[in-house]
Amino acid sequence: MTVLVSVAATLAAVIHVVIFYMESVAWLRPSVWKRFGLTSQDEAKATAKLAYNQGFYNLFLAIGALLGTILYGTGVTGAGFGIALFSLGSMLAASVILITTGRGFIRAAVFQGLLPLIAVILLLLSLSEVGLA
């Protein structure tokens, strides 16, 4: 089960690192801001600072998911479980919030939230396996 948790959490983290890159590094590229529903370079410039900040939230969640998974997989199960569950749960919650912003964001929310959901379910199923239940 630990391997499955690690794979799902790592893939979720990779997605969030890519989102970090798009929001914090490449935001002013038309191919990026158009993915986020903006319609002009002026809108991209006006929202660049917000996107920059939001990108770092995604990066920190990715780091938390990876750190938690590493700790969990190397025997520091309590701390690893807690850090991974918090980070992955936050990713999942953010995807639910994204859905509430409009129907146009459902696809992005599913893409952003499916792997964290899988990882959270696997983490919870593994509780008895690692002696935390």
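Leaving aside its neighbours within four places in sequence, with which residues is Ser 87 in contact? Ser 87 is in contact with Leu 61, Gly 64 and Ala 65, where contact stands for heavy atoms within 4.5 Å.

This is a predicted model, in which local features need pLDDT of at least 70 and side-chain atom pairs count only at pLDDT 80 or more, while totals for chains, interfaces and linings use all residues. Residues are numbered from 1 along each chain as its sequence is written, and side-chain values use heavy atoms, with hydrogens and water left out.

## The protein as a whole

The protein has five helices and zero strands, and reading along the sequence gives the pattern α-α-α-α-α. Helices (H or I, at least four residues) and strands (E, at least two) are DSSP runs, numbered from the N terminus. Taken along the principal axes, the C-alpha atoms fill a box of roughly 55 × 25 × 15 Å. Of the 133 residues in the protein, 35% are buried; a residue is called buried under 20% relative accessible area, exposed over 50%, and partly exposed in between (1.4 Å probe, protein chains only).

Among the contacts with a separation of 6 or more, 62% are between residues 24 or more positions apart. The protein exposes about 7,600 Å², of which carbon and sulfur atoms supply 71%; accessible areas come from the Shrake-Rupley method with a 1.4 Å probe, and for residues only the protein chains shown count as cover.

Ser 87 is found in helix 4, which takes in residues 77-100. The 24 residues of helix 4 should span 34 Å at 1.5 Å a residue, and the end C-alpha atoms are 34 Å apart, which agrees; the expected span is 1.5 Å times one less than the number of residues. Just after helix 4, Gly 102 takes a positive phi of about 150°.

The buried residues of helix 4 are Thr 77, Gly 80, Phe 81, Ala 84, Ser 87, Leu 88, Met 91, Ser 95 and Leu 98. What covers these buried residues includes helix 1 (2-25), helix 3 (41-73) and helix 5 (106-125).

Ser 87 counts as buried because its relative accessible area is 5%. The side chain of Ser 87 reaches the backbone nitrogen of Ala 65 at 3.5 Å, as a polar contact (a pair of N or O atoms within 3.5 Å; within protein, one must be able to donate a hydrogen and the other to accept it, and residues adjacent in sequence count only if both atoms are side-chain atoms).

Not counting residues up to four places away in sequence, Leu 61 touches Ser 87, Ser 90 and Met 91. Leu 61 and Ile 83 are 22 residues apart in sequence, and their C-alpha atoms are 9.7 Å apart in space.

Ser 95, also found in helix 4, touches Ala 109, Gln 112 and Gly 113, again not counting residues up to four places away in sequence. Gly 78 has its place in helix 4 too, and its C-alpha atom is separated by 9.4 Å from that of Gly 68, 10 residues apart along the chain.

The table gathers the relative accessibility of several residues.

| Residue | Relative accessibility | Class |
|---|---|---|
| Leu 61 | 17% | buried |
| Gly 78 | 41% | partly exposed |
| Ser 95 | 5% | buried |
| Ile 99 | 39% | partly exposed |
| Leu 114 | 45% | partly exposed |

## A nonpolar patch on the surface

Met 1, Leu 4, Ile 99, Ile 106, Val 110, Leu 114, Leu 117, Ile 118, Ile 121 and Leu 125 form a nonpolar patch on the surface, with about 820 Å² of accessible area together. Patches are made of residues with over 30% relative accessible area and no salt bridge, like charges being joined within 9 Å and nonpolar side chains (Val, Leu, Ile, Met, Phe, Trp, Tyr) within 5 Å; a salt bridge is a side-chain nitrogen of Lys or Arg within 4 Å of a carboxyl oxygen of Asp or Glu.

Helix 5 gives the largest share of the nonpolar patch, seven residues. Ile 99, by contrast, is found in helix 4, whereas the place of Leu 114 is in helix 5. The C-alpha atoms of Leu 114 and Val 76, which are 38 residues apart along the chain, are separated by 26 Å.
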